[in-house]
Structure formats: C-alpha cells, structure tokens
Amino acid sequence: MKNNMKKITALLMAICMAFVPSGISLAQTDENYSLSKIALKEKVQEDVSADELNEIYKEYSILASHMGLISGTLSSISKKDGWVFHVTIEGIENEISLEAKTDKKVSILCRQNDIENYLDIYSNGKMILDDNQVEIKYENNEWDLNGGIMPLVSTSYWKKNPPYGKAADYTVSAGSTKNANVSLGKAIKSIAVSVFYTILTPVIGGVSSIIYQSLYTIVKSQDPQTKGLSYKAKKYYHKKQRSAGYIPAANLYVTKYNYTWYSRNNYKGKTSKQTAYYVKQMG
C-alpha cells in the first residue's frame, strides 16, 4: 500500500471539466460539487449509501487533483478491496485506485491489462514508480509566458487549434524551448497510459495529455523499451500581437508551440510532431 502532493492549480479544473456521452472527465470543479456527486453515483456499479458516496467523492477528488490533467473518460466505478475508477484514455481502459494518502504523499495503483503500476507522488514533487525514482528535470516552465506585462487575473489553458485567427497567422518568432531528459522511470511498455501522462504533466503542464492525446500510443509502438523522452519546441506569436503574445483584438495572450518529440533522451530515437497553443485569458 502506498500515499500527497501539492494540488495542480486551478488550471487543472478549467481544462478537465467536461461531460461527454460515454462518461465524465476525471476532474470536477468545486462549483460543480453536487453535479459531480450525481455523476459519480451514476457510474457506481452497485447501490451505495450517502457515506460511501462521500468516500467515493473524496477519493475521486484526490485522484483528480494529482492525475486530473489526464483527458480520460470515467466509464464506471467498482469496489474490490477499495473503490476502483475505470478510466479510458486513448481507447485504453485503466483501473485506478487510491491506495493511501498522508501529508507527505499519495499512493496510486493503476492497472492496464497485464501492467500494474504503483505510483507515489510526494508533496515536494518527487515521484516513485514501482520503486524507481522518476528523475524530473525542469529545463523550462512551459505554462509561463516570459516577458511583457502579464495580467494580474487570468485563466490559462492549452488548445489544439488557434484561439484567434488561423495557424498561418502565428509568424512572430518567440524563441524556443526544449528538455533533453524526460525520465519515465522504466520502459514505457511496462507503464500504464494514466501513469505516463501523470509523469509528463509536471514537466510541460497540461499540454501532455490535452494536446498529445496519442503520444503514449505512438511512442509505445515506436520504441517500447524507451525509459525516457525528450522534446524541442519552436514558439510563435500572432502577427498582430502587441507584446509577449498579447492580441488586443482578442484580449488574449497566445503562444503557438511547434513540438518535436523524441522517443529517447538527448533528442534521439523516433520523432513525432504536434502543435499546441498556450492561452492566457484576461479577467
């Protein structure tokens, strides 16, 4: 049995809150407390008491705050030794359960077919995957925009498509970013998809699952033995931006990222490309 880390900010809640016909997203906001409880109750495969529903909601909230940037669909909730959340990501079902929680860490169990992962997430950001420390090196803070005057009150999120104008309008160079060592702790073939995106989230923010909805499948098929990734990204602002990507006509700060992912550390191995837009909305 394993167990707390700091919550991943309001960004998590803004991005992940969504209901879809086949299920519900893993994360909810406090404002939707009642709705989320109703939705959770509908997913439980047996009758539950009010106390049990509170327990489910508490565990669900902890998992959402630590794994909430997984853009997965919660299909059902069952009870084995404890509550098990059945979440589908990239068409792959994971069984996720909260094993333990203390002030220092949370411990999470993720099962995917014959894969079983124990992930400890500590309050200082350290992660231990199946007794292997995941060496997270922060070369860049992807969700911060540098330079210019930033809004005092804003909402930040990632988008797959440009929030203003066309992709071809983002032509003003804003520099580049990279990370040569995104450690996975063990070979990706032995890592569940939910764990993969949880590991990536602190490195580059919500883009890891919101934008790269097929990165796990691609890398696992390209290089199943890899134990680490790397990436480079060129950044661009809109041609009508004023400063630091601020677009007056849209009242948004927008940075376009053209990512190249490598299936190995130090920019080696197979590559895959993707584009993402980081947005700060005023107010």
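**Group meeting: a walk through a predicted model**

Hi everyone, let's start with the aromatics: Trp158, Tyr231, Tyr257, Tyr259, Trp261 and Tyr278 form one aromatic cluster. Rings of Phe, Tyr and Trp (its six-membered ring) pair here if their centres lie within 6.5 Å, with planes under 30 degrees apart called stacked, over 60 edge-to-face and the rest tilted. By this rule the count comes to 12 aromatic pairs. One of them joins Tyr246 and Tyr253, a tilted pair with 4.9 Å centre to centre and 45 degrees between the planes. Tyr246 is buried, with a relative accessible area of 15%, and Tyr253 is buried too, at 7%. Buried means under 20% relative accessible area, exposed over 50%, and partly exposed in between, using a 1.4 Å probe and protein chains only.

A word on the ground rules. This is a predicted model, in which local features need pLDDT of at least 70 and side-chain atom pairs count only at pLDDT 80 or more, while totals for chains, interfaces and linings use all residues. Residues are numbered from 1 along each chain as its sequence is written, and side-chain values use heavy atoms, with hydrogens and water left out.

Now the overall picture. The protein chain has 6 helices and 15 strands, taken as DSSP runs numbered from the N terminus (helices are H or I, at least four residues; strands are E, at least two). Of its 283 residues, 53% are buried.

So what sits inside? The largest nonpolar core has 56 residues, and Phe85, Ile108, Phe196, Leu200, Tyr259 and Trp261 touch the most other members. Helix H4 (residues 193-204) gives the largest share of this core, 8 residues. There is also a second, separate core of 7 residues, with Tyr157, Ile247, Tyr277 and Val279 among them. A nonpolar core, to be clear, is a set of buried Ala, Val, Leu, Ile, Met, Phe, Trp, Tyr and Cys residues joined through side-chain atoms within 4.5 Å.

Leaving aside neighbours within four places in sequence, Ile108 is in contact (heavy atoms within 4.5 Å) with Leu63, His66, Met67, Ile96, Ser97, Leu98, Glu99, Asn117, Tyr118, Leu119 and Ile121.

Leu63, His66 and Met67 are also among the buried residues of H3.

Is Lys37 buried or exposed? Lys37 counts as buried, because its relative accessibility is 15%. Beyond its neighbours within four places in sequence, Lys37 contacts Leu53, Asn54 and Tyr57. The C-alpha atoms of Lys37 and Leu53 are 7.4 Å apart, although 16 residues separate the two along the chain. With Asn54, Lys37 makes a side-chain polar contact of 2.3 Å. A polar contact is a pair of N or O atoms within 3.5 Å; within protein, one must be able to donate a hydrogen and the other to accept it, and residues adjacent in sequence count only if both atoms are side-chain atoms.

Another such contact, of 2.6 Å, joins the side chains of Asp120 and Ser107. Asp120 lies in strand S7 (residues 115-122) and is buried at 6%.

Last, the backbone. Ala244, in the loop between strands S12 (228-237) and S13 (246-247), has a positive phi near 55 degrees.
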